[in-house]
Amino acid sequence: MKEKIKNYQDRLATYWKKRSKGQKGLILGSIFALLFIIVIVSVFASKTNMVPLYQELSRQEVGQVKAELDTRGVNYEITDGGTTIHVPEGEAESLLVDLAAAGLPESGNIDYGFFSSNVSWGMTDNEFDMIRLDSMQTELANLMASIEGINEANVMINMPEEEVFVSDNQQPTSASIVVNTEPGYNLESGQVEALYNLASKSVPNLTNENIAIMDQNFQYYDPENTDSMAGASDYTEQQKVKKQIERDIQQRVQKMLGAMVGPNKAVTTVTADIDFTKENRREELVEPVDPEEMEGLPVSIERIEEAYTGGVPEGVVGAGDEDIQNYPAGEEGAPDNYEMTEETINNEFNRIYRDIEESPFKIRDLGIQVAVDTVRGQDENGELEYLTEQEQQEVSDGIDDVLNSIINTSINTQYEENVNPDDSVSIIFQEFQGTPEFDNETAGLPFWVYIAGGVLLLVVIILIFNMVRRREEEEEEYEEVVQTKTVPEEIPDIEERDDESTRKKKQLERMANENPEDFAKLLRSWISED
């Protein structure tokens with residue numbers, strides 16, 4: 001065993017001496033890189049995946065849960081300024097059940113459920129009033145925390161004692177409320193009004209004038225000023241929409257110009273006039289059933305026909321008691337014919353009722369400014385070549401047609417009559433002083449990711465190459481070793497004789513070939529006898 005180890009050491013030393021400095025450095029670097037990869041993989045593989053057990057707890061509640069986890073010997077992490085507890089992913093669900101069974105975390109707040117288990121006959125009126133006030137504050141805070149955008153609410157109610165005698169100096173009930181809103185969230189006017197209504201309707205003798213509400217950033221919420229706050233929020237949203245529309249149109253125009261005049265040969269800016277008027281209207285339309293004939297659908301038809309034939313005696317018009325005034329009288333003996341046809345048709349038309357809510361924003365006008373580089377390229381001598389006036393005119397006409405089409409399809413049809421696309425497009429030709437930089441819409445992977453991937457790939461290739469080369473060298477060394485192999489000596493042919501000695505020799509040869517051990521024992525027995 002020692003000889004084999006020494007033999008391997010000698011071979012390794014010989015192999016190392018034959019290597020050059022570059023090869024030695026490459027081998028050592030490969031070994032260190034492999035060890036580094038193994039360590040990194042081991043660290044990530046052995047790292048425990050931690051998930052949040054509780055979030056947004058008070059420090060008192062975090063302390064209770066921390067003490068219980070220490071008792072159970074569970075690994076945990078506390079983050080977010082001491083408000084979130086992380087535990088191993090495999091133990092999270094069981095810990096939630098066990099801690100809930102143990103009554104943890106205890107917030108320390110008193111709600112209306114406290115009365116069912118703690119009120120006793122020995123409680124005084126002062127104790128009862130204190131517990132009732134505390135439970136009222138807790139329930140009101142829970143109601144406010146259920147509103148969207150509010151993570152937590154703290155309520156302090158100042159309820160004066162009821163006096164035995166009626167007095168003009170009765171102090172009113174007041175409340176101070178602090179809400180913890182989500183980051184970047186602004187309460188709307190309806191939410192602020194809901195907070196005031198919750199407080200005033202939940203506490204006796206509490207009016208909106210005696211309620212103060214603010215957030216964690218010391219922003220005071222007044223229901224009378226919510227309209228101005230909503231206006232500021234609307235302005236911010238409108239500016240975001242305006243910028244988004246301008247950016248989308250600019251990117252489309254930039255891509256098209258890049259294909260027309262070449263990359264980095266044109267710069268585009270877009271300004272949009274947006275109408276944010278929101279319209280709600282109701283339309284009641286009456287349309288004919290047959291638009292071609294402009295007729296409706298007959299519902300009922302009434303036709304009256306009268307005919308009369310006879311004579312009227314001559315006399316003064318309307319002179320008699322039974323005569324009709326101003327009725328023309330006929331001549332004596334002359335025939336009088338009278339016919340009347342009256343037809344009444346009731347038609348039904350299509351009655352259409354529409355409740356229309358217009359889009360919250362419409363593109364009223366667009367302004368597109370394009371700057372094109374006049375440099376075409378370099379000639380054989382390295383001098384700059386510029387676009388001719390004819391080429392500039394051709395490029396300008398092509399860009400103008402494209403931009404007019406974009407403007408016509410982008411502007412709302414309500415404002416098409418007031419927009420002239422030729423006045424909304426500005427194209428200038430000028431030599432650029434530097435290469436413009438454009439925002440890349442599709443951001444790829446960071447550059448360091450490609451570097452790290454290339455280094456790892458190179459290390460893997462080097463390791464595979466060394467392993468293959470080492471295996472080939474070992475095979476060559478094994479081939480050089482002379483393996484001794486016993487070759488049986490050829491026995492000269494013996495003339496076969498058909499006698500007893502010949503038969504014994506054949507038996508001995510067969511025994512030596514088939515059972516050499518038995519043949520050796522037989523020889524040793526013969527030698528010992530001699």
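K265 is partly exposed, with a relative accessible area of 21%, where buried means under 20%, exposed means over 50% and partly exposed lies in between (1.4 Å probe, protein chains only). The salt-bridge partner of K265 is D373, and their closest N and O atoms are 3.9 Å apart. This is a predicted model, in which local features need pLDDT of at least 70 and side-chain atom pairs count only at pLDDT 80 or more, while totals for chains, interfaces and linings use all residues. Residues are numbered from 1 along each chain as its sequence is written, and side-chain values use heavy atoms, with hydrogens and water left out.

**Salt bridges**

- A search of the whole structure gives 8 salt bridges, each being a side-chain nitrogen of Lys or Arg within 4 Å of a carboxyl oxygen of Asp or Glu.
- The bridge between D373 and K265 has its closest N and O atoms 3.9 Å apart.
- That pair links distant parts of the chain, 108 residues apart: D373 is in strand β13 (residues 362-373), and K265 is in the loop between α8 (226-261) and β8 (266-275).
- Helices (H or I, at least four residues) and strands (E, at least two) are DSSP runs, numbered from the N terminus.
- D373 is buried, at a relative accessible area of 9%, whereas K265 is partly exposed at 21%.
- R303 and E343 also meet through their side chains in a salt bridge, at 2.5 Å from N to O.
- R303 belongs to strand β10 (residues 297-311) and E343 to strand β11 (residues 335-348), so this bridge ties together parts that are 40 residues apart in sequence.
- K66 and D70 form another salt bridge, with the closest N and O atoms 3.3 Å apart.
- K66 and D70 are 4 residues apart in helix α3 (residues 59-72), so about one helical turn separates them.
- K66 is partly exposed at 33% relative accessible area, and D70 is partly exposed at 40%.
- E68, R72 and D98 are linked in a network of salt bridges.

- S300 is in strand β10, and its relative accessibility of 32% counts as partly exposed.
- S300 and N346 are 46 residues apart in sequence, but their C-alpha atoms are 5.2 Å apart in space.

**Nonpolar surface patch**

- W16, L28, I31, F32, L34, L35 and I38 form a nonpolar patch on the surface, with about 640 Å² of accessible area together.
- Patches are made of residues with over 30% relative accessible area and no salt bridge, where like charges are joined within 9 Å and nonpolar side chains (Val, Leu, Ile, Met, Phe, Trp, Tyr) within 5 Å.
- Accessible areas come from the Shrake-Rupley method with a 1.4 Å probe, and for residues only the protein chains shown count as cover.
- Helix α2 (residues 21-46) gives the most to the patch, with 6 residues.
- L28 is found in helix α2 and is partly exposed, at a relative accessible area of 40%.

**Second largest pocket**

- The second largest pocket has a volume of about 560 Å³.
- On a 1 Å grid over the protein atoms alone, a pocket is an open set of points with protein on both sides within 12 Å along at least five of seven lines, and lining residues have an atom within 4 Å of a point.
- Grid points are joined across faces, edges and corners, and the volume is the space filled by probe spheres set on the points.
- Helix α6 (residues 125-145) gives the most to the lining of this pocket, with 6 residues.
- The lining has 8 nonpolar, 5 polar and 4 charged residues.
- In these classes, Ala, Val, Leu, Ile, Met, Phe, Trp, Tyr, Cys and Pro count as nonpolar, Asp, Glu, Lys and Arg as charged, and the others, Gly among them, as polar.

**Positive phi angles**

- Most residues other than glycine have a negative phi.
- N205 has a positive phi near 55° and sits in the loop between α7 (189-202) and β6 (211-215).
- N205 is exposed, at 68% relative accessibility.
- F218 also has a positive phi, near 60°, and lies in the loop between β6 and β7 (220-221).
- F218 is exposed, with a relative accessible area of 71%.

Definitions and conventions
On a 1 Å grid over the protein atoms alone, a cavity is a set of points where a 1.4 Å probe fits but cannot get out, and a pocket is an open set with protein on both sides within 12 Å along at least five of seven lines; lining residues have an atom within 4 Å of a point.
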